[in-house]
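This report describes one protein structure for a reader who is new to the subject. Please keep the sequence and the model in view while reading.

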Amino acid sequence: MRKFTRILSAMLALLCLSGTALSDTFTDVDAPFEFESAQSVETVQAAVAAPLDAQSAPYSSIGDFSYWTMAPGETDDAKIWEAMTQPITVYDGGLDGTDHAYVMENPDGTGKKVAQIHGQSQGLHVIGETNEHGYVQVEVFSNYDRSYMPADEEEFAHAYELRTGYVKAKNLKTVTPQQDIGLLLDKLTQRLYIFCDGERVAELKISTGKVEGVDEALFETITGEFITISHTGTFKDNSKYPMICNDAIRINGGILLHEVPHKERADGSSDYSAYEPLLGQKASHGCVRIQRQKTDNGYNHRWLWNNLKRGAPYRVLIWDDKNRIDSPTVWVE
């Protein structure tokens, strides 16, 4: 049987914790940790005050049923599975999974860059018809990198809001995701939920990106819908905060799903003590760290690595933690 237990008290307790956070490279490097921001506190307080049956507002007001019009924090697995198995619209335009393009301000593709999008893997919500200029209106959450960052604190305050703009319609393509497995990440609960054939079968602790200021906007794990595009494997970071991340699966140009990092001891064994205790909190540099310890029924990140077919498009939904009024819950087997 499935049981739900509220985690609000645990989340409030996080305010008193210390651990590690991020440095200044775009892999997954860590430094001293502090709770993310007053926004996180306000989000939890709002959830505490909300009625038990309150639902957060969908990202989009467009009437189709999809990830974009589903309430973040939805507990109806049938609705989540429907969103996971629908076709997804991504930007092609000759890009690969590490290249990016831009959503533009005006219907003819001119004006400001409204949002940065990654090719092949990041879902776009199409909300209009192709116009006379060959462009179509879309909604999406923006990525950031060293070349595209908020200019100041005012822009940073709105950096992770849903953006609306235009892309060339001919560069869009529709992909049908795998119909047997889907993933849901909730940045509020810091959990990854595995769905198999319509059933929620496992809950894994994660750590998503932690942002402490305008100069770290690129460290956020971007809200939205994605598809897996490659198994990139284990990678090492030999910077000031060395770590090894096993079995990375790319869902975005700068975002990988990988096992919780470890350090290598002198005898060659793996030491997880610096990073494993942070699972369930924001602590990464944008990547999604996933627990290595198996659940009672055998699920962990290695299960994902072994069961997601190489190169196949598995749907990954990411819910934001901002502006949530639902009562956050953790699913327990």
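## A serine in the sheet

The side chain of Ser207 reaches the backbone oxygen of Gln281 at 2.8 Å. Such a polar contact is a pair of N or O atoms within 3.5 Å; within protein, one must be able to donate a hydrogen and the other to accept it, and residues adjacent in sequence count only if both atoms are side-chain atoms. Ser207 belongs to strand E13 and is buried, with a relative accessible area of 0%. Here buried means under 20% relative accessible area, exposed over 50%, and partly exposed in between (1.4 Å probe, protein chains only). Not counting residues up to four places away in sequence, Ser207 touches, among others, Gln190, Leu278, Cys287 and Arg289, where contact means heavy atoms within 4.5 Å.

## Basis and confidence

The model is predicted: local features need pLDDT of at least 70, side-chain atom pairs count only at pLDDT 80 or more, and totals for chains, interfaces and linings use all residues. Residues are numbered from 1 along each chain as its sequence is written, and side-chain values use heavy atoms, with hydrogens and water left out.

The protein chain averages a pLDDT (the predictor's confidence in each residue, from 0 to 100) of 86, and 83% of the residues score at least 70. Over residues 1-40 the pLDDT is below 50, although this stretch has 122 contacts in the model beyond near neighbours in sequence. Where pLDDT is low, the predicted coordinates should not be read in detail.

## The nine-stranded sheet

Nine strands form an open sheet with mixed pairing, in the order E14-E21-E11-E12-E13-E20-E17-E16-E15. Strands E14 (224-227) and E15 (230-237) stand at the edges with a single partner strand each, so one side of each is left without a neighbour in the sheet. On average, neighbouring strands of this sheet are turned by 30° against each other, direction ignored. Helices (H or I, at least four residues) and strands (E, at least two) are DSSP runs, numbered from the N terminus, and two strands pair if DSSP finds at least two bridges between them.

Strand E17 (residues 256-259) and strand E20 (residues 288-290) run parallel and are joined by three bridges. In E20, Arg289 is the bridge partner of His258.

## A buried tyrosine

Tyr67 is placed in the loop between helix H2 (38-49) and H3. Is Tyr67 buried or exposed? Tyr67 is buried, with a relative accessible area of 0%. The side chain of Tyr67 reaches the backbone nitrogen of Gly224 at 3.1 Å. Tyr67 and Lys79 are 12 residues apart in sequence and 9.2 Å apart in space, C-alpha to C-alpha.

Five of the six residues of strand E8 (residues 135-140) are buried, so E8 is largely enclosed by the rest of the structure. E8 pairs in the antiparallel sense with strand E7 (residues 125-126) over two bridges and with strand E9 (residues 163-168) over six bridges.

Rings of Phe, Tyr and Trp (its six-membered ring) pair if their centres lie within 6.5 Å; planes under 30 degrees apart count as stacked, over 60 as edge-to-face and the rest as tilted. By this rule the count comes to nine aromatic pairs. The rings of Tyr102 and Tyr148 have centres 5.2 Å apart and planes at 65°, so this pair is edge-to-face. Ring pairs link Tyr102, Tyr144, Tyr148, Phe156 and Tyr160 into a cluster.

Definitions and conventions. Axes are lines fitted to C-alpha atoms, for helices over the stretch in contact, and angles run from 0 to 180 degrees between N-to-C directions.
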